[in-house]
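Hello,

Here is the structure I said I would pass on. My notes on it follow below.

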Amino acid sequence: MSSFLAHCTPWPAALAADYRSKGHWQGQTLSDLLALRVEQDGDHLAIVSDATRWTYRQLAQEVDRLAQAFTALGITKDDRVVVQLPNCAEFFSVIFALFRLGALPVFALPAHRKLEISYFCQHTEAVAYIIADQHGGFDYRPLASEVKAVSPSLQHVLVLGDAGPFAALQTLNSQAPLPAPPLASDVAFFQLSGGSTGTPKLIPRTHDDYIYSMRGSAEICQLSSESVYLCVLPAGHNFALCSPGSLGIFYVGGTVVMSSSASPDQVFHLISRERVTITALVPPLVPVWLDAASSLQPDLSSLQLVQVGGARFNSGMAARLVRELGCTLQQVFGMAEGLVNYTRLNDAESLILHTQGRPISLDDEVRVVDDEDQLLPVGEIGHLITRGPSTIHGYYKAAEHNARAFTVDGFYRTGDLVRQTAEGYLVVEGRAKDQINRGGEKISAEEVEHQLLAHKGVQDVAIVAMPDAYLGEKSCAFIIRRDNTLRAVDLTAYLRQLGLAAYKIPDRIEFIEAFPKTGVGKVSKKILRQMIEQRLASV
Ligand code: OOB
């Protein structure tokens, strides 16, 4: 047994032994799964992306080429590599090559900018940063230059497309012998936490724990080699990657179709051309797709299952989806920390429309507790805490935060307020964590507050969620300014120029003289939320 990656918390030995004996952890790595696919049906179509169509064998060849090339560059086991690629076939050749070496992808989102990426590089001491030249009208190469200048550990920037001053992924080549493969119990990569703290938290996931989640999810969604998954959400996000997502599809030998945009025109074309059977969406996309479908009348007859998750999904919209698309809906309530809940395909309509599902297996322990961690009677709303074969026991390099984020017996405090139905299904009722869920994109209020506090014109700031008809929630920053000439646009321009991802920039800024306080003298975000709600309602 090798030791667990430094600064990560392993599962307690007794739980790990239990998960192994029950067959939840089967000792396979993600690389083993790909090798098995090539052996069993190497000519099956694995990935479609623009003009690229790779069979499993072709995917594996690309993986081998990159694994050798990365080795020649000196990238090796446990090295961290920040991967920020759009939805494309190469996303998978890159991450499987890293998996093969035991090097650890850090899954950045395409929307991340200098602040986030340089933090990931510095915090993980990443040796490489992998990007596409351009995507969505943004050129990632100048960003990489800026990141490199402040990240001493970074030795390589590798670019898909026109590399500019860096090295091109496509032309890398080497005959370097590959090192021994990693173990299934090793950390395989880092997911990003939605976050509620000053700095983003990184989530170490092992091959064993991720494959447990992927296999269970693939079974729940009844995937087979006939399944065709349309990947619309960012490919590295847990929902699109493993719930069951692209990896779940690879596990059963199906086909993944990558979409670089979520626009109805493009996705409808891909669904009918590739006969897509399953896709995953965040709630704001649903009305956009439904409205477009009713006017464009695309051929969506192949679509069997639409998964919706990542944020609160209105049950009226859920009913509309089922009615208008005529396929099965599945609600998904998951988190990059591990636990994922699903409604089941043959559940009663009332469960599918009104609940967010139940965990993969009974060994995903879910408890609903009060503020003192005491179990609440079934049906009462409380804090969701959880422990299980895919839920981490600690964030990376975050000892102090871990002491708060996990209970003494290793349950992860999700920060979600839920109630459990008599059938054991979870209903998400709200949130205790200081976060804004902007249509599935999570914003830590504290992270953005920190950045704003550094502005010389800002005396104090508190960021809260405000209702939004399209996204569900948007962010509103209440600001006490030092000087009355400071304008909202000055602050948003400031954040943009610092290099904060656009989705984190407050949608609205309200200047205020003093903050409302709670009984104990803390800023009352509850009252601030009510204030902005009233203001929005009165216009
Ligand atoms: C998914 O993962 P993350 O890590 O981006 O966000 C997790 C948080 C949850 O703690 C919860 O606050 C919220 O997102 N959330 C939902 C939800 N699904 C996630 N809130 C209400 N209803 C839902 N259905 O978002 C994620 C990971 C895997 C699969 C699906 C989603």
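I begin with the part that UniProt, in an unreviewed entry, calls "domain: AMP-binding enzyme C-terminal", residues 447–522. This span is 24% helix and 33% strand, with its end C-alpha atoms 18 Å apart. Helices (H or I, at least four residues) and strands (E, at least two) are DSSP runs, numbered from the N terminus. UniProt positions follow the numbering used here, feature names are shortened, and annotations may be inferred rather than shown by experiment.

Two points on the source. Residues are numbered from 1 along each chain as its sequence is written. The model is predicted: local features need pLDDT of at least 70, side-chain atom pairs count only at pLDDT 80 or more, and totals for chains, interfaces and linings use all residues.

The unreviewed entry in UniProt also lists "domain: AMP-dependent synthetase/ligase" at residues 37–396. Here the chain is 34% helix and 24% strand, and the end C-alpha atoms are 32 Å apart.

There is an open sheet of 9 strands with mixed pairing, in the order β2-β1-β13-β12-β14-β15-β16-β17-β18. Because β2 (52–55) and β18 (358–359) each have a single partner strand, one side of each has no neighbour in the sheet. Two strands pair if DSSP finds at least two bridges between them. β1 (residues 45–49) pairs with β2 in the antiparallel sense over 4 bridges, and isoleucine 47 has tryptophan 54 of β2 as its bridge partner.

The protein has 17 helices and 27 strands in total.

Regards
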